[in-house]
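Let's take a friendly look at how the parts of a protein hold on to each other. Have the sequence and the 3D view ready.

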Number of protein chains: 4
Amino acid sequence: MTRVGILGATGAVGQRFIQLLDDHPDFELAAVTASEASAGETYKEAAKWRVDTPIPEDVASMTVRATDPDEVPDDVDLLFSSLPSSVAERVEPKFLDAGYVVSSNSSNDRLADDVPLVIPEINPEHLDLIEVQRDERGWDGALVKNPNCSTITMVPTLAALDRFGIERVHVSTLQAVSGAGYSGVSSMEIIDNAIPHIGGEEEKMETESRKLLGDFDGAEVEWHGAEVSASCNRIPTIDGHLENVWAELDEDPTVAEVYEAFADAPTQDLYTAPDPLIETFTEPDRPQPRLDRMVGGGMAVAAGGVQHTDSGIQYNCLAHNTIRGAAGASLLNGELLVEEGWV
Amino acid sequence: MTRVGILGATGAVGQRFIQLLDDHPDFELAAVTASEASAGETYKEAAKWRVDTPIPEDVASMTVRATDPDEVPDDVDLLFSSLPSSVAERVEPKFLDAGYVVSSNSSNDRLADDVPLVIPEINPEHLDLIEVQRDERGWDGALVKNPNCSTITMVPTLAALDRFGIERVHVSTLQAVSGAGYSGVSSMEIIDNAIPHIGGEEEKMETESRKLLGDFDGAEVEWHGAEVSASCNRIPTIDGHLENVWAELDEDPTVAEVYEAFADAPTQDLYTAPDPLIETFTEPDRPQPRLDRMVGGGMAVAAGGVQHTDSGIQYNCLAHNTIRGAAGASLLNGELLVEEGWV
Amino acid sequence: MTRVGILGATGAVGQRFIQLLDDHPDFELAAVTASEASAGETYKEAAKWRVDTPIPEDVASMTVRATDPDEVPDDVDLLFSSLPSSVAERVEPKFLDAGYVVSSNSSNDRLADDVPLVIPEINPEHLDLIEVQRDERGWDGALVKNPNCSTITMVPTLAALDRFGIERVHVSTLQAVSGAGYSGVSSMEIIDNAIPHIGGEEEKMETESRKLLGDFDGAEVEWHGAEVSASCNRIPTIDGHLENVWAELDEDPTVAEVYEAFADAPTQDLYTAPDPLIETFTEPDRPQPRLDRMVGGGMAVAAGGVQHTDSGIQYNCLAHNTIRGAAGASLLNGELLVEEGWV
Amino acid sequence: MTRVGILGATGAVGQRFIQLLDDHPDFELAAVTASEASAGETYKEAAKWRVDTPIPEDVASMTVRATDPDEVPDDVDLLFSSLPSSVAERVEPKFLDAGYVVSSNSSNDRLADDVPLVIPEINPEHLDLIEVQRDERGWDGALVKNPNCSTITMVPTLAALDRFGIERVHVSTLQAVSGAGYSGVSSMEIIDNAIPHIGGEEEKMETESRKLLGDFDGAEVEWHGAEVSASCNRIPTIDGHLENVWAELDEDPTVAEVYEAFADAPTQDLYTAPDPLIETFTEPDRPQPRLDRMVGGGMAVAAGGVQHTDSGIQYNCLAHNTIRGAAGASLLNGELLVEEGWV
C-alpha cells in the first residue's frame, strides 16, 4: 500500500479525492490538509460534505492538518493537490523541496518547460520530464500536473484523430458549475442563464492541449502545431462538460473511420483507468451531461455526433469534470507514478 | 389601422404575438385561429396562457376560429402565422390562394426560390421576390418568411462583418427551451443537462444565413458564398439564445473595428424595429441570456466578447428567441410589408 | 426464479423497473408490454431510454408485446404494472381474469375496499385482503397496489410516530418532475418556477395514508382516524420528493424520542428492502433531494430536522420518487407476494 | 424632492433600491455607500450590476462613499439600509445618533420593543413607536424596519383573514435564491435540489408576523396571539417566494368569503403601493413564481388555491422577495415616513 495525502482536502475536488480513494486497492489515505483555520478539526467538522455518497467513517474522524510539509507525516509517499492555484504556487514548492512526490490538479506551472503535464493514456512518456525537473530545480520530490477539466474532455478525442493529422480546432464548451468549486458560481448568476467566456479557461484549452499532444524527445516537449481556438461557457448543470468540436484534418476520413479511431484510443492498465477510454454514441443527440457523465465510472470520455463539414469533421464530447477532469485525473497520474517507479 | 389575424394563436409563439400586438399603434388584432378542436372557444379557454403579462382583456374573450380561409373575415389584411410547419405546409397555400398576405414564422418554404426570407434591417430588398412568387404560383396574396430563431441571432452580426469579407463561419449555440414550444422539451430531459445536435437546427443555420446574406438581382437570390458550420445545443434556460461565433474574414480588422461595424448595423424606421440593431458589450462575460435578452425590448441583438484568433475573429451574440427570433420577427416583416405597400 | 413481466415498460417508471430487475436474484424478466403502436418493435426501438445506466443488453433486443393477456406467455407468474391509470383501469381486470398476479403502481383502485394497498414494512398483513378480493371479484389472479410517490415518502415516518398517537398531519411537498412522467411537466413550465396544487396529488396523500395506517381485521381495513391535510408543489428537481411534515400527537415525545422512533422503523427481510427503513439526519438542512435521494439504494426514506412546535412536532422527510415511490415499491410488493406464497 | 441615500448599495438588494428609485417622483438619490474597500470608486466600478435593466447613468458615475455618517452629506434626509445585519447592528446606531431617519431592511432590531416593524398597508400606526424610541434611545433620527421577505409574503393575507379570527398558522415556504444575496446560495448547492430549514428564517416568520399583526396602544405593541409554525425551504428559482399556508380560524368562512377578504385588503395612497394589495387567482395552480412575481409591479401579493380543510382553510401566496420583500418594502416605509411627517 502506498500512503497518500491530500493537500486542500475540504473543497469540491478534495471531496472527490476522498470518495475515489475509498476502497482503493493500492492507496491508503494517511493525511488530509486544509487552511490554517481548519487545522486541528476533524475532517467532518472542517468540510461541508456535498458529495452524494456518505463521508467514509475513517476520514470523518481524521484530524485536518495545516498545509505545511512539517505537518505531514514522513511516511506519506504521494500527495494529491487540489489547492487553489494561488496557494499551490506558494506551497507546492515547499513540499517538493521536502522530497514529496506531488500529483497536482492546480493550474499553476502546467505550462512550465520542466513540469510534465500528463494524461496517462495519451502521453505517459512525458513523465520522464521529472529527470529534467530534478536537475533544474534541485528537488528530491517530483511534480506532475494534470490538465484543466475542459482540456481533458477534448484531448483524448484529438489524440485519436491525430492519425489523420490535426491542423486546426475550434471548440465551444458547455461547462458544469462544479468546475468552479463550491463558491465559484452563485446560483443567482446561473439559474435560467449561461455565462460566456469563462475567465482564463479558453487560454488553458488552447495551450494545454498543444503541450499534451506534443512530442517529448527526452529533454523537452515540442508542442503540437495545431491551431486551437476555444470559446468557453458556463451553463446550469451540476457535473459534466459537453464540448462541440470542429477539427480540420490533413486527411479526409469517413465518419465510420472517425468512430473507429475513437474506439481505438489507447488505454492504460491502471486501477482507475477506464476501458475503453472513449465511449462512442451513434444517437445524434448524445452524449448528454446528466445521462453520460458517469461512463467508465466517470473516468471515460463520451463522444458522438460525428459529421463531415466542408473542411473536416465536427463532433461532441463530454467528460465528468470533477472525476476525469480533476480528482480522478490526479489519482490516475498518481497510479502511473507508482507504476513507473517514481514513488 | 391594418386589421391583422394570427394563425396558430394559442401556442408559445402565438402568445408572444398577442403580447406584442397589444397597444400596437398600426395593427388591430381581428382574428385568432387554432386547431379545429379549439374553434368556438374563447381565447382564454383555448390557450393555456404562459406569458408573464396578463392576457389582454379583449383577446381573452375573442372567439377562436378554425385555421381555414373561410373562417377568417375578409377585412383582415395581414396574417401572422405561427403554425407548426407540418400544418403550415398544408394550410398556408390556401390562405395565399384566397388572397391573404401572410408573414410567417413557420419553417416550411423558407428556402424556396420564390419566397422572400427577410430580416427588415438586413435584406429588405428581398421582399420584391413577391413579384416572382405571384408570377409563379398565381397567388393574389403574398408569403414572406422570417428565419429560424438561431439564425436570426447571428445574421445581423454577420451582415455587419461582411464589410470585411466573410469566408467561413463556425457557430455553436446555447438555445433556450422556449425555442421548442410548450411541449417541445420535457423538464426530465433538460434539468441538470444539455442536449447537443438539436434536430434540423444546424442545417437551418447553415442554409438560411446564406440566403439572407445573398444578393437579389430582381429575379433570384444568389446565396452568399460563405461556408457556415453550426453545432446547436439546448440548455436549461427559458428565453434567449446565446451563440459563440468564429468568423474567418478576407480582411483583418482590429477588435475596435469589429465593435464599430456592429454599432453601425443598419436600422429600419418601423415601430417594432430596435435602434441600434446590435447592442455591444465590452465586458468579456456578456451578453448573458437572463440579463440581456430584453435589449431593445427583446428586438435587438446583443454582441460582445470580440477577440482575434489566428485566422479571424470570435465573439458571442444573443437574441430573445421568441421575440426577435419568432413573433417579433414576423411582426416586423408585417410592418415592412405595410410600409412597402404590399398590404 | 419467478418469471415476471412489465405492463407499460417503455415509460419513466417502466425504465426504472428494468433497471431494478437487472441482476435481481429471484426475478427473471420475461415479457415487456407497451401500447399497440410499439408492439413488435425491439425494446430499444420502442423506448427512449433515459435512465443513467445503459439498457441491459438482453432487454434491448426483447420484442415489445401489446398489453393484452393473450400476448403474454403463460409461464409468466407475476406482472408489474406502470400503465397510465386510465389505461390500467381498463386493462388490469383482463389480466386478473386471466389469472395473473399483478403488483401495480397505477393509481386506479388504490382505495377500493378489496384491493390491498401495501408498503411491505408497514402493513404487510393487508395483503390478505386478496382473499376478500378473490371472493368478491371471482378473479384467479390477485391485484396489489402500492401508494402514490408523495404518500410513500411520508407514511413510514407517520407509522413510526404512531406509537405517540397521531391526531393531525399537515404536509407540504416539494416534488420532483419525474413524478409526472416524461411528458408530464414541460421545461417551459418549471425552469425558474414552482407549481402549487398538483392535480389530484393532495387528495391521494390525504386518503392513501389513512388506508395504509389502518387496521385490517381479516375482512376490511378501517382507515386511521388522523386528519391529514396536504399541499403539493412541483419544483425544478429531477428526482426525490422533499416533504415538510407537522404532526400533532397524543403524547409529547422529546426530539430524541422521535429520532429513536424513526430509527426503530420496521424492516422486511426482502431483497429490495432497505435496512434501516428510515435514515435519520441530525444536520438541520438535511435531507436534500440531490444529496440524499439514493439512501438505501433509493429504497429508504430520509428524515431529519425534527423540532418541537406548540402542538406537536415538525420534521422533513424525503424519498426517491421513481424508486421507492414507484418501480421499487411495486417490486418490493412483488417480493412480498412471492414470500407470502401468493405467486 | 427628498434627498435619499442607500447604505450598502452594491449588493443584490442595493441594486433593487437603485432600480426602484430611478424616476421616483419624490425621492432623489444623493448618496450610495458600501464597504471601506469600495469607497472612492464609481458605483459602476464597485458594483457587479446584475439587475435586468441597465444601471441608471447618473448612478453609474456616482462616487461610492464609506458607510459612515461623516461621509454622507448633511442634506440627505432619508437613508435606506440594506447592510448585512452584522454590519447594520454596528453602523445603524451611528446614523441614528447623527440624526438620520433610516428605513432599514436589515434583520437586526426588528423585534426590539421600541423599533417599529411596519408594512404600510397593514400596521402604519406602529410608526408612532418612533416617539418611544426617541425617548428611550436619545436619538434625533428614527429607525423603522420592514419584515423579512418570507414574512411579508404571508402577513397581508393573514391580516385580511384576521376578520375571521386567526388561531393557528402552519406555513411552508418555497423561497427563491435571491433572498440570500449574490453569494448566499452556491449553484452547486441548489441545482436539481432543494434545501430545507433555511437558517433563522423559520423563527423570523414565527415572531415578526405576530408583531406586525399586534395591537399598538401608543406605548407598546402587544403581539398577536396566534400560534405560527413555519418550515422554510430554498428552491432553484431566481425571484419570488411561494408559500403554502394553513390557517385555523375562529369562524368558518366560505371559500368565496376568503377571496373577498383578500380582495378587500387595505391599500395606501403612496407612490410605490400597489392597488389592490392582494391579487387573487382562481386557477388552482396559481400563483407561480415566474408568472406572477411581478403582479403590482412586484409590490403586490398574489394569492390563490383557497380550500377548506377540516379545521380551517389552506391557500397559497407569493410575493417578489427582493421588491416587495426587501428594497420595495423599505422604500414604501420611506414614503410613509415622509407622508406622516417624520422626514
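How many salt bridges are counted between domain 1 of chain A and domain 2 of chain A? The count is two, where a salt bridge is a side-chain nitrogen of Lys or Arg within 4 Å of a carboxyl oxygen of Asp or Glu.

## Before we start

This is a predicted model, so local features need pLDDT of at least 70 and side-chain atom pairs count only at pLDDT 80 or more, while totals for chains, interfaces and linings use all residues. Residues are numbered from 1 along each chain as its sequence is written, chains are lettered from A and ligands numbered from 1 in the order in which they are written, and side-chain values use heavy atoms, with hydrogens and water left out.

## Two domains in chain A

Chain A is assigned domain 1 (2–148 + 326–339) and domain 2 (149–320); such bounds come from an automatic or database domain assignment. Their C-alpha centres are 24 Å apart. In contact (heavy atoms within 4.5 Å) are 37 residues of domain 1 of chain A and 34 residues of domain 2 of chain A.

The size of an interface is often given as the accessible area lost when the parts come together. Here, the two domains of chain A bury about 2,900 Å² between them, with carbon and sulfur atoms giving 67%. That buried area is the accessible area (1.4 Å probe) that two parts lose on being put together, summed over both.

One salt bridge to look up pairs R16(A) with D239(A), at 3.4 Å from N to O. On the side of domain 1 of chain A that touches domain 2 of chain A, the elements giving two or more residues are α1 (12–21), α5 (129–137) and α11 (323–339) of chain A. Helices here are DSSP runs (H or I, at least four residues), as are strands (E, at least two), numbered from the N terminus. With seven residues, α11(A) gives the most to that side of domain 1 of chain A.

## Where the chains meet

Chain A and chain B each put 46 residues into their contact. The area buried between chain A and chain B is about 3,400 Å², and carbon and sulfur atoms give 47% of it. D192(A), W246(A) and R290(A) supply 18% of what chain A buries against chain B, more than any other three residues.

Four salt bridges are counted between chain A and chain B. In one of them, E248(B) meets R168(A) at 3.0 Å, N to O. In another, R168(B) meets E248(A) at 2.9 Å, N to O. R168(B) sits in strand β7 (residues 166–175) of chain B and E248(A) in strand β12 (residues 241–249) of chain A, so this pair joins two chains. Are R168(B) and E248(A) buried or exposed? Both are buried, meaning under 20% relative accessible area, whereas exposed is over 50% and partly exposed is in between (1.4 Å probe, protein chains only). A network of salt bridges links R168(A), E227(A), E248(A), R168(B), E227(B) and E248(B).

## Bridges within chain A

Over all chains, the structure holds 60 salt bridges. One of them joins R3(A) to D75(A), with the closest N and O atoms 3.0 Å apart. Because R3(A) is in strand β1 (residues 2–7) of chain A and D75(A) in the loop between β3 (64–66) and β4 (78–81) of chain A, the pair ties together parts that are 72 residues apart in sequence. R3(A) is partly exposed at 24% relative accessibility, and D75(A) is partly exposed at 39%.

D114(A) and R137(A) form a salt bridge too, their closest N and O atoms being 2.7 Å apart. D114(A) is buried at 4% relative accessibility, while R137(A) is partly exposed at 32%.
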